[in-house]
Amino acid sequence: MKPRIPASVSEEYESLYQSLKDAMNVPGNVGLAAKDAFHLLQHHYDKDNAYALPPLKYLASIADEKLTAEVEKINNMTARLKRELPHMRRETENITRALEKLADVALREDKREYHGLARGFIRFLQMEDQILYPAAILIGDLIEAKAELEGRKLAQLHP
């Protein structure tokens, strides 16, 4: 079985993303606020799916002490995440402000489902920043440490 990003994370993100995309078609200020948030989110979402979240799919394998053949790929993704993290956090702040505006507009226009969407997306972004990104980075650090340790053991066997 090929490892995957935990379904609950990827499904929630995809659902929120699609719902925000659909909200752009709502007439009036809700649609305009959704467009603003979606345009800020789109590039961030692509980066998340390219290198920030994929390392999470290896968490169970690593916990079972099974290093994958894709170690270099994982290390490249986590190294990129480390480099990009300050920028991604700034993006998250901007997206959150846009989602807060959407939530406010939705309340004013009595469109509570879009208020709930915005609040749910903000909670997801907080989880991403506080749990998912650090977990992905720790996965890379652990793989790197294990590989270094195994390299030392090999060097000791073959002086």
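**View 1. Thr 96, a buried residue of helix H4.** At 16% relative accessibility, Thr 96 counts as buried, where buried means under 20% relative accessible area, exposed means over 50% and partly exposed lies in between (1.4 Å probe, protein chains only). The place of this residue is in helix H4; helices (H or I, at least four residues) and strands (E, at least two) are DSSP runs, numbered from the N terminus. Once its neighbours within four places in sequence are left aside, Thr 96 is in contact with Ile 122 and Leu 125, a contact being heavy atoms within 4.5 Å. The structure shown in this and the following views is a predicted model, in which local features need pLDDT of at least 70 and side-chain atom pairs count only at pLDDT 80 or more, whereas totals for chains, interfaces and linings use all residues. Residues are numbered from 1 along each chain as its sequence is written, and side-chain values use heavy atoms, with hydrogens and water left out.

**View 2. The protein chain as a whole, with its confidence.** The protein chain has 5 helices and 0 strands, and its pattern, read along the sequence, is α-α-α-α-α. Its mean pLDDT is 88, and 89% of its residues reach 70 or more, pLDDT being the predictor's confidence in each residue, from 0 to 100. Confidence is lowest in helix H3 (residues 59-63), with a mean of 78, and highest in H2, at 96. Of the 159 residues in the protein chain, 40% are buried, and the accessible surface comes to about 9200 Å², of which 53% belongs to carbon and sulfur atoms; such areas come from the Shrake-Rupley method with a 1.4 Å probe, and for residues only the protein chains shown count as cover. Among contacts between residues at least 6 apart in sequence, 76% join residues at least 24 apart.

**View 3. The largest nonpolar core and Leu 41.** The largest nonpolar core holds 47 residues, of which Leu 20, Leu 41, Leu 81, Leu 99, Leu 102 and Phe 121 touch the most other members. Helix H1 (7-23), helix H2 (29-52), helix H4 (71-108) and helix H5 (112-157) each supply at least two residues of this core. The term denotes a set of buried Ala, Val, Leu, Ile, Met, Phe, Trp, Tyr and Cys residues joined through side-chain atoms within 4.5 Å. In soluble globular proteins, nonpolar side chains tend to be buried together. Apart from its neighbours within four places in sequence, Leu 41 is in contact with Tyr 13, Tyr 17, Leu 20, Ile 95 and Phe 121.

**View 4. His 44, a buried histidine in helix H2.** His 44 is found in helix H2 and is buried, with a relative accessible area of 0%. Its side chain is joined to that of Tyr 133 by a polar contact of 3.1 Å; a polar contact is a pair of N or O atoms within 3.5 Å, of which, within protein, one must be able to donate a hydrogen and the other to accept it, and residues adjacent in sequence count only if both atoms are side-chain atoms. Not counting residues up to four places away in sequence, His 44 touches Tyr 13, Met 88, Glu 91, Thr 92, Ile 95, Glu 128 and Tyr 133.

View 5. Ala 79 lies in helix H4 and, at 31% relative accessibility, counts as partly exposed; its C-alpha atom is separated by 9.7 Å from that of Ala 52, 27 residues apart along the chain. Asn 94 also lies in helix H4 and is partly exposed at 34% relative accessibility, while a polar contact of 2.3 Å joins its side chain to that of Arg 97.

View 6. Asp 110 is found in the loop between H4 and H5, where it counts as exposed at 54% relative accessibility. Its phi is near 55°, a positive value in a residue other than glycine. Most residues other than glycine have a negative phi. Tyr 114 lies in helix H5 and counts as buried at 18% relative accessibility. Leaving aside neighbours within four places in sequence, Tyr 114 is in contact with Ala 23, Val 26, Val 30, Leu 102 and Ala 106.
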